[in-house]
Amino acid sequence: MGERSDHPQGPGAAEDSDAQEIEATVVLGLRITNWPALRAAAIAAVEELDFEGIDPAGQRRELLREVAEDANAALGALLHPDRLVAAIPGVEAIGGTLEISVTEDFAPDFAELFPLEGEEDGGGAAGDWTLTPRTACLLHAQLLGLADAAYDDLDEHEDEPVADGEEADWTVFGRLPQRTWRLHRSWRRAMARTFDDLADDLALGEWPLPRCLAEEIALRMALVDARALLGAQPESVADMMGDLPADLYDYDWDGCHDELFGVYGPDDGDPELTAEQRAELLLTATHPEGWFLTYEDAEERDPQRGYRR
């Protein structure tokens with residue numbers, strides 16, 4: 001607590017005597033239990049801030065990027081002294097600092113989120129297919145990497161169309177079907193967010209089941225990149241896994257295609273077609289603006305979840 005003096009209190013105290021200046025120290029121990037919710041709240045807080053100086057829009061963009069990527073920055077935006085004091089009547093902030101120290105790395109615990117049953121008997125090998133901790137970890141990393149790359153594409157190219165023969169200049173959007181190459185920035189931003197949405201599912205311990213056509217494409221890209229990274233840099237992947245438990249279902253990409261696609265989405269048409277083939281037909285028949293429409297049997301994502309950048 002701070003210091004206290006014996007100045008008279010009441011409605012006229014500030015006019016009758018010097019206003020008290022109090023130094024308060026608050027120490028909080030916090031555990032982040034829902035990173036997507038924290039990120040959304042921090043983004044909303046930054047959107048409400050007033051920025052001054054040479055480039056207010058640039059300051060806002062940079063802070064939005066920081067709070068969307070880093071838990072410390074998100075907490076900082078929400079716990080800033082000015083923001084806390086603004087909720088207290090009868091006082092004003094005259095200064096203050098905020099210090100946040102991290103006791104452990106901010107990363108999902110995939111061993112806890114995707115527990116293996118019967119580990120002493122070889123994990124899930126004798127039972128039903130499961131998304132293992134190592135598969136979830138690698139897929140999560142690829143989804144976040146694709147989201148980063150998509151936003152980098154946006155920062156570099158804005159509304160510039162992808163030119164035929166220059167796809168290599170784009171990390172993500174040059175890999176998409178040609179009919180998307182001339183679409184606007186807002187569409188590209190929504191596409192970038194699909195990678196984060198699926199990564200958030202994994203960070204919550206949920207299977208990344210595509211809820212719309214855009215997420216079908218996003219998950220396919222992440223699976224392709226995960227398979228490629230494992231083949232090209234197995235030692236790097238092993239380092240990434242740390243002490244996560246191993247299982248015979250690790251990196252079963254065919255199983256991922258069989259189990260993660262088709263849970264939601266169209267199930268009519270030719271019964272001989274796979275879920276991925278049916279989705280491919282729907283992608284071809286649907287204008288890209290409609291790729292973000294939630295499947296009828298899937299829960300809609302929070303429309304207020306915001307964007308990383």
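Q: Which residues do ring pairs link into a cluster?
A: Trp129, Trp207 and Tyr249 are linked into a cluster by ring pairs. Rings of Phe, Tyr and Trp (its six-membered ring) pair if their centres lie within 6.5 Å; planes under 30 degrees apart count as stacked, over 60 as edge-to-face and the rest as tilted.

Q: What kind of model is this, and how are residues numbered?
A: This is a predicted model, where local features need pLDDT of at least 70, side-chain atom pairs count only at pLDDT 80 or more, and totals for chains, interfaces and linings use all residues. Residues are numbered from 1 along each chain as its sequence is written, and side-chain values use heavy atoms, with hydrogens and water left out.

Q: How many aromatic pairs in the whole structure?
A: A search finds 7 aromatic pairs. One of them is tryptophan 129 with tyrosine 249, a tilted pair at 6.5 Å centre to centre and 55 degrees between the planes.

Q: Why does that pair tie together separate parts?
A: Tryptophan 129 is in the loop between α6 (110-113) and α7 (133-157), and tyrosine 249 is in the loop between α10 (234-241) and α11 (253-260), so the pair ties together parts 120 residues apart in sequence. Helices are DSSP runs (H or I, at least four residues), numbered from the N terminus.

Q: Tryptophan 129, buried or exposed?
A: Tryptophan 129 counts as buried, because its relative accessibility is 15%. Buried means under 20% relative accessible area, exposed over 50%, partly exposed in between (1.4 Å probe, protein chains only).

Q: And what about tryptophan 187 and phenylalanine 292?
A: Their ring centres are 5.6 Å apart and the planes are at 65 degrees, so that pair is edge-to-face. Tryptophan 187 is in helix α8 (residues 185-203) and phenylalanine 292 in the segment after α12 (275-285), 105 residues apart. Tryptophan 187 is buried at 2% relative accessibility, while phenylalanine 292 is partly exposed at 23%.

Q: Switching topic: what lies over the ring of tyrosine 307?
A: Arginine 189 lies over its face, at 4.1 Å from the ring centre. The charged end of arginine 193 also sits over the ring of tyrosine 307, 4.1 Å from its centre. A charge sits over a ring if NZ of Lys or CZ of Arg is within 6 Å of the ring centre and within 35 degrees of the ring normal.

Q: Where is aspartate 197, and what does it touch?
A: Aspartate 197 is in helix α8 and is buried, with a relative accessible area of 5%. Leaving out residues up to four places away in sequence, aspartate 197 touches Glu215, Arg301 and Arg305. Contact means heavy atoms within 4.5 Å.

How values were computed
Helix = DSSP H or I, 4+ residues; strand = E, 2+ residues; numbered from the N terminus.
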